[in-house]
Structure formats: C-alpha cells, structure tokens
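Please examine the structure shown below.

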Amino acid sequence: MTADHASRAEILKLARVLDVEHDRLEYLARVDADDLKAFREQVTDTLFDANIAVLQRMALAARLLPGAVLAKIAEKVFGPLLCARIAGLVDVSRGVDVAKRLHPRFLAEVAAELDPRRASAIISRIPLDTVLAVAAELARREDWITLGRFVGHLPDPTVRQALDRIDDPGLLRIAFVLDDKSRIDHVVGLLPADRLGKLITAAGTDEDLWDPALDLLTHLSEPRRATLAPMLGALPEGLRERAQATIK
C-alpha cells in the first residue's frame, strides 16, 4: 500500500512537469516510486538546462538594473516561466530583492514553474510576509504540488506559520505530494498538538482524502501513531480498518 501511494504521488508530480493530465500516466502506476522521481528530476533538469547559455547572459544583464525596474520587467515582459528559469542563475541577494517586489499572485505563478532545488538559497531568505501571501494564493488555487515542493526549502518558523493558514484537507494533500517524505514526521511536529488528530478525522468526511491520510500515517513515528489510536473509532468503517492496520 505504501508503494502504491508513493507511485501515485510521483505520477501526480510528473504530470505537472510534463503539463499533462495525470490519467495519461496511469500506466506507470507499477513503476517504483524512486525510479519515477529520478525520471521526473531528469525531465526537470532537461527543461531547465535548455538554452542555458542565453539564460546565463540574461541573469548577468539583470545585475545592471535596479531591483524595482527588474521586478516590473519580470512581471510585464518575462512572465512566470522565464522568471522561474532564471531564478537559480541570479545572485541570491538580487533574487530576494526582486522576489519581495513581485505581486503574490505573480510570484505564485513563478513558484509553480520553479525548480526549488535550483533556488533554495533565495527561497529560504524571502521575507515571511511574502511567503505567507504566496502560500495563501497557492492554497486558494489548490496547488498542493507546488506547496509540497517548497516545504523542504523554508525555515521551520516559516513553515509553521504557513501551515497554520491552510485547512486540514489541504494539509493532507500537501503531505501526500511532499518531495521529501522523510520530513513528514518533523513537519507534523511543527503543528499544534491537536492538529494531527484533526487531520486524520478530516479524511472521514471525504473519501478522496483516504489515501493521503493513510500515506501520512505510514510516515509518522511510532509515538505519534500511538496518540491516534483512540481517535480511529470515529472514522468510517473502511478507513478505520485500513488506518488500524497501518498503525499496528
């Protein structure tokens, strides 16, 4: 079951990179999740490294412009895709200066196109207010994949405040597509003490959340699983049985 969840999550993320409906990739469901992730990263690298020489020259030219001017050009001329391609090539201080001048709606569009591995130093230094505004915009768009890709690149206090502003179903969907599942228990530890129980019980109201909830359970530490045992009785029968089998 854990392997099926992992492969399904990777298919969702691969479909985003390829800009196709995830149903078209269902034939990959039995491929190992690690192989799917490696393929996704290869595709991402290929896309980002295309025309790299031109992008590097643009990044160098960006040094000559004031931040306010560059931000306007980014929004009105470059657009989100080109900004995402250049982000990992500019100086960190310049990238942060421009990012905080961009409208949260536009920055959310850039985030959706960005490979956070290439701009981690910039992401981690973006002001808190900007991050929270972008997170709120991505949540409004139900872009859980983009939110899940950025969790591992933000400092804990920022993650804590961002997740406090997202409802329980949204958190389950973010955890399902989190890039580094080994961080799930740590991220859950950043939430208020009573939030974990609410996450699991929220799945009982929507069958589409069953798989995300069960996947979350498989990545929790034994002590956290133990705290959930008394709450499982309130879940629908099918989910309750699967949850109980997962935490044993």
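The largest nonpolar core comprises 71 residues; a nonpolar core is a set of buried Ala, Val, Leu, Ile, Met, Phe, Trp, Tyr and Cys residues joined through side-chain atoms within 4.5 Å. Here buried means under 20% relative accessible area, with a 1.4 Å probe and protein chains only. The residues with the most contacts inside this core are Leu147, Ile166, Ile200, Leu216, Leu217 and Leu220. Its largest share, seven residues, is supplied by helix 4 (residues 67–87), helices being DSSP runs of H or I of at least four residues, numbered from the N terminus. A second, separate core has six residues, including Ile11, Leu25, Leu28 and Leu36.

The model is predicted: local features need pLDDT of at least 70, side-chain atom pairs count only at pLDDT 80 or more, and totals for chains, interfaces and linings use all residues. Residues are numbered from 1 along each chain as its sequence is written, and side-chain values use heavy atoms, leaving out hydrogens and water.

Leaving aside neighbours within four places in sequence, leucine 147 is in contact with Ala135, Leu138, Ala139, Ile166 and Ile174, where contact means heavy atoms within 4.5 Å.

Helix 8 (residues 128–140) and helix 10 (residues 156–164) have axes that come within 10 Å and cross at roughly 35 degrees; axes are lines fitted to C-alpha atoms over the stretch in contact, and angles run from 0 to 180 degrees between N-to-C directions. Leu128, Val131, Leu132 and Ala135 of helix 8 meet Thr158, Gln161 and Ala162 of helix 10 in this contact.

Finally, threonine 218 lies in helix 14 (residues 210–218) and is buried, with a relative accessible area of 18%.

Key:
Helix = DSSP H or I, 4+ residues; strand = E, 2+ residues; numbered from the N terminus. Buried < 20%, exposed > 50% of the residue type's maximum accessible area, 1.4 Å probe, protein only.
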